[in-house]
Amino acid sequence: MQENLEKRDWGGRAVLLLPYLWLVVFFLTPFIIVLKISLSQTAMAQPPYLPVFDLSAGWAGLKEFAAQLSLDSFQLLFTDLIYLLSYLKSVQVAAISTIILLLIGYPFAYGIARAPRGWQPLLVMAVVLPFWTSFLIRVYAWINILQRDGLLNDVLMRLYIVDTPVSWLSSDTAIYIGMVYSYLPFMVLPLYAALEQMDETLLEAAADLGCSRWKTFWLVVVPLSLPGAAAGALLCFIPIVGEFVIPDLLGGSETLMIGQTLWNEFFANRDWPVASAIAVTLLALLLVPMLFYERLQQRSLGGGP
Amino acid sequence: MADGGKAAQGPATNEKQPLVRFEAVTKRFGSVAAVEALSLDIGHDEFFALLGPSGCGKTTLLRMLAGFETPTEGRILLDGEDIVPVQPHRRPVNMMFQSYALFPHLTVEGNIGFGLRQGNVARAEIADRVAEMLALVRLPGFGARRIDQLSGGQRQRVALARSLIKRPRVLLLDEPLAALDKKLRGETQFELMELQRKLGTTFVIVTHDQEEAMIVADRIAVMDRGRLMQVASPAEIYERPNSRWVAGFIGEATMMEGRVGPDDNIESALGRVRTGGTGKARPGDTVWLALRPEKIGMAADRPKDHVNSVSGTVSEIGYRGDMSIYKILLSDGSVMKVALTNASARGGAPFSLNDPVWLSWPPEAGVVLTE
Amino acid sequence: MRRGASPFNIVSVALGLAFLYLPITVLVIYSFNASRLVTVWGGWSLAWYRELLNDAALLQAAWISLRVAAFSATAATILGTLAAVALVRLGPFRSRLLFSGMVYAPLVMPEVITGLSLLLLFVALNVDRGFWTITIAHTTLTMCFVTVIVQSRLIGFDRSLEEAAMDLGCPPLKTFLTITLPLIAPAIAAGWMLAFTLSLDDLVIASFTTGPGATTLPIRIYSEVRLGVKPEINAVCTIMIAVVAAGTIVASLITKGGAARRERAALGAQV
């Protein structure tokens, strides 16, 4: 079959062409532009940066263009403490959230994998369903619960656990709750997929050789499910670093996460070059985990290069 | 398409010319050669079998004929025309797949009529021919059924009907009976032979089951690791294998090693053995005598007039119902296999373990092999 | 892995599901709460749903969101399916690594980066931002999800069905359209639904790439939410949940019906 496709390469090329072109125009090119603008200077103009790439100015225009590029924005990022703290906080939040997600998600996924065959699709559907409802809504739902006169305080007070309403919102705790809540399906599903495919005879062999259920779990199940756990962890960690909605709605205003910082620089300060520089740096930061995730994907799908 | 055989241009079909000719065909996957410089002729109105162990290249050969693989070297001629550059959907060749490959979203009628609908055949004619095929494979009235409503045997017949309706020049069958149980397989083998005789189409079947190949085929090509070992009729292959490998692959045989002596004799560890002819071997050459178990006679006493006789003890008995297979331990430590039919109505084998016995066979019973 | 769930397993699953559904349940219940305050139960009421009908801006935003989602999901499905076919069937080709990288990156990349870069593109091209720029942005974002789903279906696809069709005289392109596509249709449909939902739901990218007169529902909800909890929001959220849940259940029933039939067919072939 391979050869039939190669024999009429134009057929295969045509299939490839449309998505390829689309991605080059709407994915690759934008990144190059972001890079370019991160090297530009802020200006009170429309668009609010200099220099503007203008092909009509010819070669001289290009030279002037290159001369006006500057690393000012990047310098700002590395010198002003706010940005450094923001990056650190983002990585910290992402790391801790991912760990919590692993701790909660693993038993959850394991429980589903051990459920009777007939139940499993239903359980998976139940996990996926919230994901198919609005992300914004689900975060918003937590506001309902966590606000000062919200449900959580109400329950806590009725149970006499606290005397006065606790301020749950505008805190890091709320962010963690929101992150874990929103990304749980992203952790559970890859884990479930890996656990579900596990060859049951391996567990039987371990038992036959003298392992208790507990030992079997740690010596056989966990190591074999590691790729699934890694995929789930990366699928959560990488987007969480750049999250905006959750910290904005649920978090406080002390240190912002990097996604919020980018948003503010762009919309509030109208400082496009700095916002772009933040994006470039963030991308560089995430490049290694992203490549790692890509490798994991290729290996599991088997259709890699 | 296949109808009217318009695809094969050039000289008209000549009965003396083979229908299919493989000319020094090689197929490499990377550095591994699945088929190596293979040349083979397949004739008209022939039931031809490609037989061999897994990995021998028989399926690759079949797929090259169908067009799903392209030879790395060599040509494949159909009615004298090179079909290698012809795309599979344009070849007047149809295939019955091992997994049947029935289209799950079409009905039985939809599946069988699929090939005709690709051409310019009128709707009414398609319906007629589908009904004709359904009758031929003994599934009348099944047209409206869905594939998931059929049993395994019924699916197999739908797959067969689908592949025959276009009256191809060659019908390819890729291990078609592998999924059936033994009884059904036996019945279907005879049905296939009947079908082939009736239609006069050349069938090329790939199988690893030698019994199946022997039953259905007019000629068999035995393959091993990409090469042809022997191409002949079943009887020829069984009675006159051309090598130890073929003799061992088809049926059972005891190999006796020896040196060629004068007068068509062989000097072996068991003494002088008279043969029906040593063929191309010259005196002094090392040869092997292949003896089929059913050709050896077994008795309690030494036979008076048979020239080739050896003594031994019964070391194992395999009772099969119709026959018993005996393993006899000989004086030089070697083992000979003997097969006796259990003709006696009392049942059970006439000999028991550790019985001393005499084995003998006529000179023409064995085949002298030089390789 | 089905030797039977221990009590620990059952509790884990139950707690997990409770955690997932708690906020949604709260939200749905309080959309029917006559009182404005979350802690005070004022009785069942449809007042907020009535107010919703009068909120023109919200309804307008919902309509825009639905249209953007429909267009972008359809475009994403076409492009994503083509990309999946290319990745599965074309074998190694030059710049395959780049292509698959571009296809899969949006899966993990923070949306702020994707949103920012697309906005800058539109600015550089001097394109007026609005309905179509959001649509293009959403298409680019959701394409990869379609590709993942269709790709995994294609990898498991029985190629002998295509070979059988070609063997019977069907040219390769027609084979793909009449044999392969119908059989992977459920995966394509699932991809469309996922792309639709993601588009309907997206806030960040829509905010970056929107323009005057193109306020989507999430943008609208977000701006209202920043000012505090409003019961009408509860109502609109409940409606959205109901619509998505209904659509998901219908879709899974359809695919289950088809999958069950195919499973029986596949099982039968081995008999």
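This is a short tour of the structure, one selection at a time.

Before you click, note that this is a predicted model, where local features need pLDDT of at least 70, side-chain atom pairs count only at pLDDT 80 or more, and totals for chains, interfaces and linings use all residues. Residues are numbered from 1 along each chain as its sequence is written, while chains are lettered from A and ligands numbered from 1 in the order in which they are written.

**Stop 1: chain B**

Select chain B, whose C-alpha trace spans about 75 × 50 × 40 Å along its principal axes. Chain B has 371 residues, and 39% of them count as buried (20 or more other C-beta atoms within 10 Å of the residue's own, with C-beta atoms placed from the backbone).

**Stop 2: a sheet in chain B**

Now pick out β13-β12-β11-β14-β20 of chain B, an open sheet of five strands with antiparallel pairing (two strands pair if DSSP finds at least two bridges between them). Which strands stand at the edges? They are β13 (271-274) and β20 (367-369) of chain B, each with a single partner strand, so one side of each has no neighbour in the sheet. From one strand to the next, the twist averages 45°.

Zoom in on β12 (residues 265-268) of chain B, which four bridges join to β13(B). Click E267(B) and you'll find its bridge partner in β13(B), R272(B).

**Stop 3: two helices in chain A**

Switch to α9 (residues 172-196) and α12 (residues 226-241) of chain A, which pack at about 155° with their axes 7 Å apart (axes are lines fitted to C-alpha atoms over the stretch in contact, and angles run from 0 to 180 degrees between N-to-C directions). α9(A) and α12(A) are therefore roughly antiparallel (an angle over 145 degrees).

Show some side chains: the residues that meet include M179(A), Y183(A) and F186(A) from α9(A), and L235(A), C236(A) and I240(A) from α12(A). This contact divides into 15 nonpolar, two polar and no charged residues (Ala, Val, Leu, Ile, Met, Phe, Trp, Tyr, Cys and Pro are nonpolar, Asp, Glu, Lys and Arg charged, the others, Gly among them, polar).

**Stop 4: where chain C touches chain A**

Finally, show chains A and C together: the contact takes 75 residues from chain C and 89 from chain A (in contact means C-beta atoms within 7 Å, placed from the backbone). On the chain C side, the largest share, 13 residues, comes from α1(C). That side divides into 55 nonpolar, 14 polar and six charged residues.

Technical notes. A residue is buried if 20 or more other C-beta atoms lie within 10 Å of its own, exposed if 12 or fewer, and partly exposed in between; C-beta atoms are placed from the backbone. Angles under 35 degrees count as roughly parallel, over 145 as roughly antiparallel, 65 to 115 as roughly perpendicular and the rest as oblique. Two residues are in contact if their C-beta atoms, placed from the backbone, lie within 7 Å.
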